[in-house]
There are 2 protein chains.
Amino acid sequence: MTLVACIGGGQLGRMLGLAGLPLGLRFRFLDPSPDACAGEVGELVVGEYDDVDALVRLADGADVVTYEFENVPVEAAIGVGAVPGSRALEQGQDRLREKELFRSLGIPTARFGTLAETGLPALVKSRRLGYDGKGQRRLDVAGAVDDGEIAEELVAFDRELSIVGVRDGTGETRFWPVGENVHRDGILRVTRSPAVDAPQAEAEAICTALLDALDYVGVLAVELFEVGGRLLANELAPRVHNTAHWTIDGAATSQFENHLRAILGLALGSTAGARCVMVNLIGSVPPIGELLALPDARVHLYGKAPRPGRKVGHVTLLDPTDETVDRAVALATAAL
Amino acid sequence: MTLVACIGGGQLGRMLGLAGLPLGLRFRFLDPSPDACAGEVGELVVGEYDDVDALVRLADGADVVTYEFENVPVEAAIGVGAVPGSRALEQGQDRLREKELFRSLGIPTARFGTLAETGLPALVKSRRLGYDGKGQRRLDVAGAVDDGEIAEELVAFDRELSIVGVRDGTGETRFWPVGENVHRDGILRVTRSPAVDAPQAEAEAICTALLDALDYVGVLAVELFEVGGRLLANELAPRVHNTAHWTIDGAATSQFENHLRAILGLALGSTAGARCVMVNLIGSVPPIGELLALPDARVHLYGKAPRPGRKVGHVTLLDPTDETVDRAVALATAAL
């Protein structure tokens with residue numbers, strides 16, 4: 001029986017488990033919380049991510065170790081030989097190095113660095129440990145930018161897109177259709193796939209450059225801004241990604257299954273996708289009966305306790321009407 | 001958090017769990033084996049099905065108790081208030097009562113009873129605890145039929161079909177497309193859905209009569225023989241059924257999800273289905289890489305130790321070519 005170990009036991013780990021159990025895989029997760037929701041689909045090792053003893057227990061007997069979030073301590077990832085490798089983590093954990101990587105590969109980005117480089121207004125972000133809009137502030141007049149921060153040009157983008165791809169150990173790559181994303185308060189609310197008039201080839205070229213440069217194995221997501229028909233890379237996530245959750249129900253092979261296939265040396269599956277809209281459930285869960293009553297809806301709850309701003313589930317709507325999307329968004333919003 | 005308890009922790013329980021976890025449900029299973037494969041998706045109570053203490057532990061705090069096989073002791077099912085109710089179990093456990101139920105509802109069957117009633121050749125089956133062809137013998141000349149046995153006319157059927165339906169507590173029913181089934185050595189090997197020129201309306205009428213007569217809540221399967229364009233009911237199974245495993249990948253709502261919806265009082269989901277072929281993996285698992293390489297294949301392994309005649313997984317092929325079906329059957333057969 002093949003054992004997959006995963007650093008992090010949140011909903012991404014849980015969905016990796018749900019995708020892998022039908023392949024006969026078993027799972028073990030490391031998470032600081034004894035309530036980590038991935039514990040329902042595998043063994044849970046409770047410990048901090050830099051706790052060497054816990055990491056040893058996580059990796060003991062595992063056929064592969066992976067991770068479900070990008071703030072895994074790099075030393076921990078190296079110590080257990082995690083896949084994708086530590087290079088992607090190092091880049092993904094530091095917004096400055098991430099942007100420099102984009103630049104080194106000729107991938108366009110917003111201007112970044114000091115305020116002299118970005119101009120005003122600018123977004124000042126902590127270089128490390130920011131997610132879901134946390135650790136960000138806007139500067140309209142000149143102000144201090146710490147060493148631990150990076151200034152970025154405030155981009156008046158037309159829309160936010162993302163490309164999610166997978167690369168296996170032989171260098172083969174596949175990409176799901178580009179999604180169009182709506183954030184509010186820094187948290188993803190809705191992804192529509194494929195994006196209308198999606199710049200698929202351009203987005204795939206950006207993702208390919210990153211996958212190859214990092215000699216990456218597994219699923220990688222790149223968030224993009226579209227500005228005047230041009231793509232700017234905003235950030236990468238070296239893991240399965242919220243903007244591709246629709247692939248569970250709407251793609252021939254989900255991002256979760258293909259991540260597992262890649263890290264286990266199995267052939268990648270087709271990434272062909274149907275027209276879908278995914279709506280995140282944030283903070284609390286609407287009545288399940290109302291979610292299930294949405295036409296062609298697939299409901300995914302994570303078994304997490306409700307808490308403001310917390311992702312507790314998502315609903316995927318297959319080939320929905322605008323009315324169904326509106327209804328799903330209203331349900332998700334009313335539950336806040 | 002809603003807790004579903006299930007008597008039996010085999011692959012059917014496991015697939016109920018995999019369908020229910022995304023709905024935010026939790027699971028607890030009762031099984032005599034500490035290795036029961038449903039234990040990977042919920043809590044496992046190890047005990048015999050008639051062990052009152054174990055049954056109490058199973059049902060403690062559960063929102064609903066269900067079962068995944070038809071040989072649950074009826075007293076045990078009654079004791080924990082299992083859904084579907086005990087009537088379906090009583091009928092399903094005894095081939096004579098099952099056939100008498102069919103007759104009482106005007107549902108055609110093969111002749112049954114004594115050899116005088118069936119003629120020769122006949123199949124003699126144990127009335128109780130038979131499955132997958134076990135407990136059956138063929139009589140070509142007159143012989144003894146015990147009290148614990150039932151004789152059945154040996155039907156030269158044209159093909160074997162099955163109808164799987166679901167009924168909720170309000171009496172609403174839904175049916176998946178009729179499947180065409182191929183057995184070998186008494187074990188299901190292949191289901192094709194929908195069956196070519198499927199007698200959908202006639203099969204639904206049979207299933208509806210049974211669902212209503214039993215005031216049934218949950219998924220019910222009826223195995224049918226087609227003889228000269230006419231349907232004969234062979235047996236019923238008061239549970240999710242192997243011939244509808246394709247619904248996980250090929251139907252809008254799987255049999256597992258709709259069973260859970262029904263027993264939890266949630267609205268039933270659409271049973272619309274795509275063209276699929278399901279191939280059972282019996283006895284051992286072919287190399288997973290070869291299974292995953294089949295075009296549009298969805299692989300389901302149950303995490304069970306291989307053993308001759310044991311169902312260890314299945315593969316669903318979506319809208320396959322004949323060549324793909326042949327290849328899948330060859331893989332499944334070569335692994336034996």
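1. Which residue in strand 14 of chain A stands opposite E223(A)? E235(A) does. The model is predicted: local features need pLDDT of at least 70, side-chain atom pairs count only at pLDDT 80 or more, and totals for chains, interfaces and linings use all residues. Residues are numbered from 1 along each chain as its sequence is written, chains are lettered from A and ligands numbered from 1 in the order written, and side-chain values use heavy atoms, without hydrogens and water.

2. Strand 13 of chain A (residues 218–227) has 9 of its 10 residues buried (under 20% relative accessible area, 1.4 Å probe, protein chains only). Strands here are DSSP E runs of at least two residues, and helices are H or I runs of at least four, numbered from the N terminus.

3. Strand 13 of chain A pairs antiparallel with strand 9 (residues 159–167) of chain A over 9 bridges. Pairing takes at least two DSSP bridges. R159(A) faces E226(A) across this pair. Strand 14 (residues 230–237) of chain A also pairs antiparallel with strand 13, over 7 bridges. In that hairpin, 2 residues lie between the strands, and G228(A) takes a positive phi near 55°.

4. In chain B, 4 strands form an open antiparallel sheet, order 5-8-6-7. Strand 5 (112–113) and strand 7 (136–139) of chain B each have a single partner strand, so one side of each is left without a neighbour in the sheet.

5. Strand 6 (residues 122–126) of chain B pairs antiparallel with strand 7 of chain B over 4 bridges. A122(B) stands opposite L139(B).

Methods:
Buried means under 20% relative accessible area, exposed over 50%, partly exposed in between (1.4 Å probe, protein chains only).
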